[in-house]
Amino acid sequence: MVKLWNYFRGYVIIKIEGLSLEKFINMAIARDIYLWDIKRLNYTTLEAKVGIGGFKALRKLVRRAGCRMYISEKNGYPFWFSKVKKRKMLVLGAFFSLILLLVLSTFIFRIDVMGNENISTEEILTTLGESGLTIGANRYFINLRDLENSLLIHIHELAWVGIEIKGIHAKIEVVEKTLPPPRIDKNTPCDVIAKKNGVIEKVIARNGDALVQKGDIVAEGDLLITGIVEREGMETPLYIHAYGEVYAKTYYEGNKSMKLLKVKKEKTGEKVMRRGVKIGALELALNGETNPYEVYVLEKSSKKPFQWRGKGLPVEIITEEIYEAIEVEEKVDITDAKNLLHEALIEEILEEIPKELEILNSNTEFTIKNNILYGNVIIEVLEDIATQKKL
């Protein structure tokens, strides 16, 4: 608030040169002249900030203290306004540009679809377009809940839809249904085959003849229970609808790697600051600071000044602090690295394994090569690998 107040009333950065700098500051304090951000540049020079009114009062004190004073920089609203007054057409153009940007920011110019694998993006966009969500649509005339329901009604393969609009960007996230394998009519002759590789643990042939037993190794597509029944004395084989359960040990595997030498950036203390304004998708720089460092750490923050109860104009004040840094190599503890890698692998594999399956065993192996830790995890489960195939 103090900075904002100083900006609106205007202030100058001054430099005072002389041998009686302390006397000058004491005289200013005695006359209630407020100086701030006082820095001593050298033995005979100091720098400070002072308001416009205070600067006028200081001119008399400078002579009495035997010092010299001059302005190195002018800041604040009064100085900015005096410049702008001379360029009325520029102000008018900026005003109408801002209005145009605010109007344009209410329209959607980008639509992204995420989460779809089997359903084409074009089909989803076409369905959304029929419901009113297209490039160029006004966000304030769109009901997101109606759009989500419409998409679920028209595309039956979708289990969930979430639509979010931020500025000019619409993000559509979908989750597809996991459809069960197509069922074969019980009157249709079929075999039972393996849907994946495994080691047979148990066979329950409810109809048909089992061709495998415990301990057999099978590959995807191998015949497990045949629907062609042949017996002694039968002139022709009997074609039946084979079905049953075939439990096998199956394996889920995951591989990951991690560097044991990490490059860490440490700040040296030097930094530059950049400020800018973001209006919708447009970013404007307020100062021309460039990045002078080869190795640096960037810290970015933003504030939305015109907000009330989470709503307001799409304007952000962006501040970037660029710190000079040096790169330092740091060795990672091998035990910690193995634990982290193991946890990540287990978490990744468990997402693939259906929750109803029984986990029988797991095996973890680590190898180190060229300062890189490689991890391999294999989890053994008991799974029904039977699926039907028409004869």
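The side chain of Glu-176 reaches the backbone nitrogen of Asn-118 at 2.9 Å. This is a predicted model. Glu-176 sits in strand S7. The residue is buried but forms no salt bridge. Lys-177, the nearest side chain of opposite charge, is 12 Å away.

Beyond four places in sequence, Glu-176 touches Gly-115, Asn-116, Glu-117, Asn-118, Ile-119, Glu-157, Leu-158 and Ala-159.

Strand S7 also meets helix H7. The buried residues of H7 pack against S7 (169-176), strand S6 (158-166) and helix H6 (121-131). H7 spans residues 144-154, and its buried residues are Leu-147, Glu-148, Ser-150 and Leu-151. These lie on the same side of H7, because they cover an arc of only 165 degrees around the axis. Asn-143 caps the N-terminal end of the helix. One of its side-chain oxygens lies 3.1 Å from the backbone nitrogen of Arg-145.

Now the cores. The largest nonpolar core has 21 residues. Ile-14, Ile-16, Phe-24, Val-50 and Leu-58 have the most contacts inside it. Strands S1 (11-17) and S3 (45-51) and helices H2 (21-30) and H3 (52-65) each give two or more residues to this core. Val-50 touches Tyr-11, Val-12, Ile-14, Ile-33, Tyr-34, Leu-35, Trp-36, Phe-55 and Leu-58, leaving aside residues up to four places away in sequence. A second, separate core has 19 residues, among them Leu-128, Ile-163, Ile-165 and Val-174.

Terms used:
Residues numbered from 1 in each chain as written. Predicted model: local features only at pLDDT ≥ 70, side-chain atom pairs only at ≥ 80, totals over all residues. Heavy atoms only, no water. Buried < 20%, exposed > 50% of the residue type's maximum accessible area, 1.4 Å probe, protein only. Helix = DSSP H or I, 4+ residues; strand = E, 2+ residues; numbered from the N terminus. Arc of directions from axis to C-beta. Contact = heavy atoms within 4.5 Å. Polar contact = N/O pair within 3.5 Å; in protein donor to acceptor, adjacent residues only side chain to side chain. Core = buried A, V, L, I, M, F, W, Y, C linked by side-chain atoms within 4.5 Å. Lys, Arg positive; Asp, Glu negative; His and termini not counted. Salt bridge = Lys/Arg side-chain N within 4 Å of Asp/Glu carboxyl O.
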